[in-house]
Amino acid sequence: MTNFVDWLAICETKARYCRCLDTKDWVGYADCFTEDFELETPPYTVVQQGRDAIVAEISATLDDSVTTHHVHNPEITFDGPDAADVIWAMQDRNVWSESRRQQVGNAGHIGFGHYRERYMRCADGQWRIRKSRLSYLHMDQFAIEGQ
């Protein structure tokens, strides 16, 4: 049977995800996911698989950029004692590094949308993210100065 302790533990996992991503604590960030983690981000052309590969790519992409991620209003549906589906309202603000600006053609963005995620209670008792799909409802991109 699930309870408030499990609900709170899932919320703490996502809070840690945001903090570790934004402070570039890649070890702490990796600990938020199962080893077989799957990630879908816009434009959804590829589902990335494997925690280590995904964290390596995200850290290489964002390590020298300034990011801020906020999540709110968790809708948590438990599927037995060790699994849950969660929808989070989200907002992010990303200010890209110079190298990232050249890659993506803008200086960053502010976005609003949702994370749709699957959480699993792992053998150590910790709740971790097994699958995550990010979708944006709206995004404002920042122009690169002089362009």
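Reader: What volume does the largest pocket have?

Author: Rolling a probe the size of a water molecule over the atoms shows where empty space is left. A pocket is an open set of points on a 1 Å grid over the protein atoms alone, where a 1.4 Å probe fits and protein lies on both sides within 12 Å along at least five of seven lines. Points are joined across faces, edges and corners, and the volume is the space filled by probe spheres set on them. Here the largest pocket comes to about 740 Å³. Bear in mind that this is a predicted model, where local features need pLDDT of at least 70 and side-chain atom pairs pLDDT 80 or more, while totals for chains, interfaces and linings use all residues. Residues are numbered from 1 along each chain as its sequence is written, and side-chain values use heavy atoms, leaving out hydrogens and water.

Reader: Which residues lie nearest the centre of the largest pocket?

Author: Look for Thr41, Pro42, Trp96, Arg100 and Leu134, out of 31 lining residues (those with an atom within 4 Å of a point). Elements giving two or more residues to this lining are α1, β1 (33-40), α3 (51-62), β4, α4 (98-104), β5 and β6 (127-142); helices (H or I, at least four residues) and strands (E, at least two) are DSSP runs, numbered from the N terminus. The biggest giver is β6, with five residues.

Reader: In what order do the six strands sit in the sheet?

Author: Strands of a sheet pair through backbone hydrogen bonds, either parallel or antiparallel. DSSP must find at least two bridges between two strands for a pair. In this open sheet the order is β2-β1-β6-β5-β4-β3, with mixed pairing. At the edges are β2 (48-49) and β3, each pairing on one side only. Strands β3 (residues 66-78) and β4 (residues 83-95) run antiparallel, joined by 11 bridges, and threonine 67 has asparagine 94 in β4 as its bridge partner. Their hairpin has four residues between the strands, and glycine 80 there takes a positive phi near 85°. On to β5 (residues 108-121): 13 bridges join this strand to β4, again antiparallel, with valine 95 opposite glycine 108.

Reader: How many aromatic pairs are there?

Author: Rings of Phe, Tyr and Trp (its six-membered ring) pair if their centres lie within 6.5 Å; planes under 30 degrees apart are stacked, over 60 edge-to-face, the rest tilted. That rule gives eight pairs. One is stacked: phenylalanine 4 with tryptophan 7, at 5.6 Å centre to centre and 20° between the planes.

Reader: Why are phenylalanine 4 and tryptophan 7 about one helical turn apart?

Author: Because they are three residues apart in helix α1 (residues 4-23). Phenylalanine 4 is exposed at 55% relative accessible area, whereas tryptophan 7 is partly exposed at 31%. Tyrosine 29 and phenylalanine 33 pair edge-to-face, 5.0 Å centre to centre with 85° between planes.

Reader: Are tyrosine 29 and phenylalanine 33 buried or exposed?

Author: Buried means under 20% relative accessible area, exposed over 50%, partly exposed in between (1.4 Å probe, protein chains only). Both are buried. They also belong to one aromatic cluster with Tyr17, Trp26, Phe37 and Tyr115.
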